[in-house]
Structure formats: C-alpha cells, structure tokens
Amino acid sequence: MHDDVPLDPFAGDPDDPAAALGDPSEEAAPLSVSEREDVLADLADLEVFRALLEPLGVRGLTVDCGDCGKQHYIDWDLLYGNLRHLLDEGLPRVHEPALSPDPVDYVSWEYARGYVDGVIDSEEGRDTP
C-alpha cells in the first residue's frame with residue numbers, strides 16, 4: 001500500500017542526537033527466517049487494520065514500549081515505516097512518543113485484530129444459508 005517511509009528529521013544533521021550512539025546498522029544481524037515471516041505477517045495485518053479502522057477515524061495503534069515502559073501512539077504511516085525498516089535493516093528505529101496524542105484516536109494491536117476477526121466472522125455468517 002505504501003512504499004514511502006517517514007523521513008528522518010535529523011538526516012544529514014551534524015548535531016543529530018543519535019550520532020553519539022554510533023551506527024547501529026553495523027552491528028545488526030539479519031533477521032532469521034522466522035523473524036522475517038513475523039514482520040511480513042505484521043505488515044499484512046497492518047494493511048487490513050488500516051483499511052478497516054482508518055475510515056472509522058482510527059489514526060493508528062498503541063504500542064507498549066519495552067524500552068521506556070510507556071504506551072506509544074503511532075500513526076499508520078509511521079507503523080508501516082517502522083516495520084519496513086525492521087525488515088530491511090534488522091533493527092527497530094529509534095523512536096519518540098507522539099506529542100500530545102488523543103488516546104481516543106488509537107487502538108491496541110489486540111483490539112484491531114479482534115475487530116478484524118469480528119468483521120470476518122460477520123461476513124462469513126452472511127455467506128451461509
């Protein structure tokens with residue numbers, strides 16, 4: 001659906017705060033076959049979630065961050081870009097939480113999956129006599 005990833009706002013900036021961390025791509029091991037399959041499945045799920053939920057006003061998903069322990073509100077395009085980056089580079093992107101997101105506009109991955117399952121179940125129920 002989307003081939004563009006969000007641009008790095010610090011690309012080419014000599015004062016990039018992440019520069020002190022070094023170049024993580026040098027240390028990245030490629031994803032295992034299983035990990036690649038998981039990311040590809042997540043990308044496919046994300047496409048379905050967005051197709052069904054965005055027309056209802058859902059702007060993206062909430063993700064519990066293991067690094068900082070907080071809940072992040074991530075828009076559809078950024079989620080897609082992050083998963084593509086993980087698939088292509090083998091590492092997740094450094095992230096920052098959204099500035100003052102409205103939690104009403106976001107749902108959890110589990111909610112989105114349950115919503116899709118409900119839609120599929122209701123469609124299958126219409127097909128049977």
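Strand β1 (residues 60-64) pairs with strand β3 (residues 106-108) in the parallel sense, over three bridges. Within β3, Ser-108 is the bridge partner of Thr-62. This is a predicted model.

Strand β1 also pairs with strand β2 (residues 71-75); these two run antiparallel and are joined by five bridges. Together β1 and β2 form a hairpin, with six residues between them. In the turn, Gly-69 has a positive phi of about 75 degrees.

| Strands | Direction | Bridges |
|---|---|---|
| β1 and β2 | antiparallel | five bridges |
| β1 and β3 | parallel | three bridges |

The helices come next. Two packed helices are described by the angle between their axes and the distance between the axes. Here the axes of helix α1 (residues 33-53) and helix α2 (residues 76-89) come within 10 Å and cross at roughly 165 degrees. Because angles over 145 degrees count as roughly antiparallel, α1 is roughly antiparallel to α2. The crossing of α1 past α2 is left-handed.

Which residues of α1 and α2 meet? On the α1 side they include Val-39, Leu-40, Leu-43, Leu-46, Phe-49 and Leu-53, along with the charged residues Arg-36, Asp-42, Glu-47 and Arg-50. On the α2 side, Trp-76, Leu-79, Tyr-80, Leu-83, Leu-86 and Leu-87 are among them, as are Asp-77 and Arg-84. By class, the contact of α1 with α2 has twelve nonpolar residues, six charged residues and no polar ones.

Terms used
Residues are numbered from 1 along each chain as its sequence is written. This is a predicted model: local features need pLDDT of at least 70, side-chain atom pairs count only at pLDDT 80 or more; totals for chains, interfaces and linings use all residues. Side-chain values use heavy atoms; hydrogens and water are left out. Axes are lines fitted to C-alpha atoms, for helices over the stretch in contact, and angles run from 0 to 180 degrees between N-to-C directions. Helices (H or I, at least four residues) and strands (E, at least two) are DSSP runs, numbered from the N terminus. Angles under 35 degrees count as roughly parallel, over 145 as roughly antiparallel, 65 to 115 as roughly perpendicular and the rest as oblique. A crossing is left-handed if the near helix is turned anticlockwise from the far one by less than a right angle, and right-handed if clockwise. Contact means heavy atoms within 4.5 Å. Two strands pair if DSSP finds at least two bridges between them.
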